[in-house]
Amino acid sequence: MNKVETSFLHKNQFGDDFLWGVSTAAFQIEGAHDTDGKGPSIWDVFTSQKGKIKNGHHASNACDFYNSYQNDIDLIRELNIPNFRFSISWPRIMPTGVPPINQAGIAYYNKIIDALLSSGIEPWITLYHWDLPHDLELKGGWTNRESVNWFSAYVEICVQSFGDRVKNWMVINEPSVFTGAGYFLGIHAPGKKGITNYLKAMHHVTLATAAGAKIIRNRIPDAHIGTTFSCTHIEPATQSSKDIEAAKRVDTLLNRTFIEPILGMGYPQGDLPVLKKLNAYIVEDDLNNLSFDFDFIGLQCYTREVVKSSLLIPYIGAELISAEKRNVISTDMGWEVYPPALYEVLKKFNAYNGIKKIIITENGAAFPDTLKNGKVYDIKRTHYIQDHLEQILKAKKEGLNVDGYFVWTLTDNFEWAEGYNARFGLIHVDFDTQQRTIKHSGLWFKDFLS
């Protein structure tokens, strides 16, 4: 393939130890939804329900990574990407969420790990990327306090099975998103609604995050252990005191609620009073068991949100003003393209004591891509990545802690409630034929990393 024009950015500006990678998630790419003993996840069930996913899409086949993993790993190597983040499907390992163990599932992930290592690519495992076994949801899912024990048993199996070759671990992906969208708003699996479901799930997920990390540390003393958080730069719509206070509440909800208990600070109840309702679910030694000394924190930032005060919105008294209403450039997800958000988020999280290392574990954009004459000229995505790397470089030059950047994502995939409509990949996928085509953005990244 021809060389792709480069910006003024150079990989060596970020330092020799800076980590470069690409991120994926099992449910979004694997397909093979009931192959080799895999059990149903909450997302398998959710996508089968009418009206839940745009255009009625489902992920039964997704990108068929289950069968085409070697081809995709070859593409990762071709793109010069040294680190690959992927998640383990809990119901592929334990079809009902608890023993017995599905040995075919263990064998599958062993094949992926071995293929990565033989290609010179470092595996980074995410233990939970939203695909809870459906049988556990029938018992309450994350609203059931037993979920901490279910998850701990699952982590034990993964660490025993893969810990001899995998050193980089992420415990749970974006807890604020899957608890908020899945247990409060009901727009993601499992489709539950209400403040009680949300608060229970929030607390149990935070306990499970620390519990899972402790298991990894005990089993693999030299493991590199992290967990990932969705974060968004929040700004008030005006400088009125009402809008400023509203923005503070939204910032607390989206950016502080999960990281602060992990750091031993407890829940930020003073700045978001509804969190005081959590006290009904906090028992015995919970507050001590919420924290863990992670080796790194993964931050996943895509945009900013502009907030105004609204008495009509319960619990937070605030409303997000959409990118469309603000008439600003946005992606296919309706998210504003605002690269300085990444710099602002890095500044915010650098202000915490106790964070040893920060890695941007997801950043990317969905734009309408057209395959023409065997090529995808996705210049908007290329510029998006370049502009965000410039913000990271700015942060590094100011001495802020940021040690890596993982693009979301490798291939176009099943984008949750958006189905196949939102394409984030460096590689285009024809979902009818599973044909892969490296996009302009992928070619640029390849040259950048060479």
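## Leu 253 and its surroundings

Leu 253 sits in helix 10, which covers residues 241-256. Keep in mind that this is a predicted model. Leaving out residues up to four places away in sequence, Leu 253 touches Tyr 198, Leu 272 and Ile 316.

## Helix 15: span and cover

Over to helix 15, residues 379-397. Its 19 residues reach 27 Å from first C-alpha to last, close to the 27 Å expected at 1.5 Å a residue. Just past the end of helix 15 comes Gly 399, with a positive phi of about 85 degrees.

The buried residues here include Arg 381, Tyr 384, Ile 385, His 388, Leu 389, Ile 392 and Ala 395. An α-helix has 3.6 residues a turn, so residues three or four places apart point the same way. Among the elements covering the buried residues of helix 15 are strand 1 (19-23), strand 10 (358-362) and strand 13 (404-408), along with helix 14 (340-350) and helix 16 (440-449).

## How helix 14 meets helix 15

Two packed helices are described by the angle between their axes and the distance between the axes. For helix 14 and helix 15, the axes come within 8 Å and cross at roughly 30 degrees, and the crossing is right-handed.

Which residues do the meeting in helix 14 and helix 15? Helix 14 brings Pro 340, Leu 342, Tyr 343 and Leu 346, while helix 15 brings His 388, Gln 391, Ile 392, Lys 394 and Ala 395. Sorted by class, that contact has six nonpolar, two polar and one charged residues.

Terms used:
Residues are numbered from 1 along each chain as its sequence is written. This is a predicted model: local features need pLDDT of at least 70, side-chain atom pairs count only at pLDDT 80 or more; totals for chains, interfaces and linings use all residues. Side-chain values use heavy atoms; hydrogens and water are left out. Helices (H or I, at least four residues) and strands (E, at least two) are DSSP runs, numbered from the N terminus. The expected span of a helix is 1.5 Å times one less than its number of residues. Buried means under 20% relative accessible area, exposed over 50%, partly exposed in between (1.4 Å probe, protein chains only). Contact means heavy atoms within 4.5 Å. Axes are lines fitted to C-alpha atoms, for helices over the stretch in contact, and angles run from 0 to 180 degrees between N-to-C directions. A crossing is left-handed if the near helix is turned anticlockwise from the far one by less than a right angle, and right-handed if clockwise. Ala, Val, Leu, Ile, Met, Phe, Trp, Tyr, Cys and Pro count as nonpolar, Asp, Glu, Lys and Arg as charged, and the others, Gly among them, as polar.
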